[in-house]
Amino acid sequence: MRFKVTINNLKIQLAADEMVECVSRVVRLLVPKYTGKVYFLLDLERPIEFVEPGLVVVGPQRLPSNFC
């Protein structure tokens with residue numbers, strides 16, 4: 001599945017303590033049935049560690065080439 005990233009992608013507001021569990025559940029739902037990777041744009045001062053196969057955490061300074 002390929003798509004062009006836009007500002008209309010899924011956005012979820014979470015408290016920091018809810019983030020890891022929610023993101024992990026979304027990734028497990030999508031990978032590998034619908035996609036091989038889920039890109040998660042993390043724009044926080046302190047990084048959060050995720051250990052989930054298929055999850056790629058990116059930041060504003062290191063975006064994949066298919067991001068707008």
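This is a predicted model: local features need pLDDT of at least 70, side-chain atom pairs count only at pLDDT 80 or more; totals for chains, interfaces and linings use all residues.
Setting aside its neighbours within four places in sequence, phenylalanine 50 is in contact with Met19, Val20, Val23, Phe40, Leu42, Leu55 and Val57. Several of these names come back when the core of the protein is examined. The largest nonpolar core has 10 residues in all, and Phe50 belongs to it together with Met19, Val23, Val27, Val31, Val38, Phe40, Leu42, Ile48 and Leu55. Two elements, α1 (16-30) and β1 (38-41), each give two or more residues to this core. The helix α1 gives the most, with 3 residues.

The secondary structure comes to 1 helix and 2 strands, and the pattern read along the sequence is α-β-β. Of the 68 residues in the protein chain, 26% are buried. Among the contacts with a separation of 6 or more, 38% are between residues 24 or more positions apart. The accessible surface of the chain comes to about 5700 Å², and carbon and sulfur atoms account for 55% of that surface.

Proline 32 sits in the loop between α1 and β1, and the peptide bond that joins valine 31 to proline 32 is cis, with omega at about 0 degrees. Most peptide bonds are trans. Valine 31, on one side of this cis bond, is also one of the residues of the largest nonpolar core.

Attention can now turn to valine 57, one of the contacts of phenylalanine 50. Valine 57 is found in strand β2. Is this residue buried, exposed or partly exposed? With a relative accessible area of 26%, valine 57 lies between the limits of 20% and 50%, so the residue counts as partly exposed. Apart from neighbours within four places in sequence, valine 57 is in contact with Phe40, Leu42, Phe50 and Arg62. The C-alpha atoms of valine 57 and tyrosine 39 are separated by 5.9 Å, although the two residues are 18 residues apart along the chain.

Beyond strand β2 (55-58), the following segment includes glutamine 61 and arginine 62. For glutamine 61, the relative accessibility is 79%, which is over 50%, and therefore the residue counts as exposed. Arginine 62 also counts as exposed because its relative accessibility of 55% is over 50%. Distances between C-alpha atoms relate this segment to other parts of the chain. Glutamine 61 and aspartate 43 are 18 residues apart along the chain, with 9.6 Å between their C-alpha atoms. Arginine 62 and leucine 41 are 21 residues apart in sequence, and their C-alpha atoms are 9.5 Å apart in space.

Some of these residues meet again at a pocket. The second largest pocket holds about 160 Å³ of space and is lined by 12 residues. Which of the lining residues lie nearest its centre? They are Leu42, Pro47, Ile48, Val57 and Arg62. Leu42 and Ile48 are also among the residues of the largest nonpolar core, while Val57 and Arg62 are in contact with each other.

Terms used: Residues are numbered from 1 along each chain as its sequence is written. Side-chain values use heavy atoms; hydrogens and water are left out. A nonpolar core is a set of buried Ala, Val, Leu, Ile, Met, Phe, Trp, Tyr and Cys residues joined through side-chain atoms within 4.5 Å. Buried means under 20% relative accessible area, exposed over 50%, partly exposed in between (1.4 Å probe, protein chains only). Helices (H or I, at least four residues) and strands (E, at least two) are DSSP runs, numbered from the N terminus. Contact means heavy atoms within 4.5 Å. Accessible areas come from the Shrake-Rupley method with a 1.4 Å probe; for residues, only the protein chains shown count as cover. On a 1 Å grid over the protein atoms alone, a cavity is a set of points where a 1.4 Å probe fits but cannot get out, and a pocket is an open set with protein on both sides within 12 Å along at least five of seven lines; lining residues have an atom within 4 Å of a point. Grid points are joined across faces, edges and corners, and a volume is the space filled by probe spheres set on the points.
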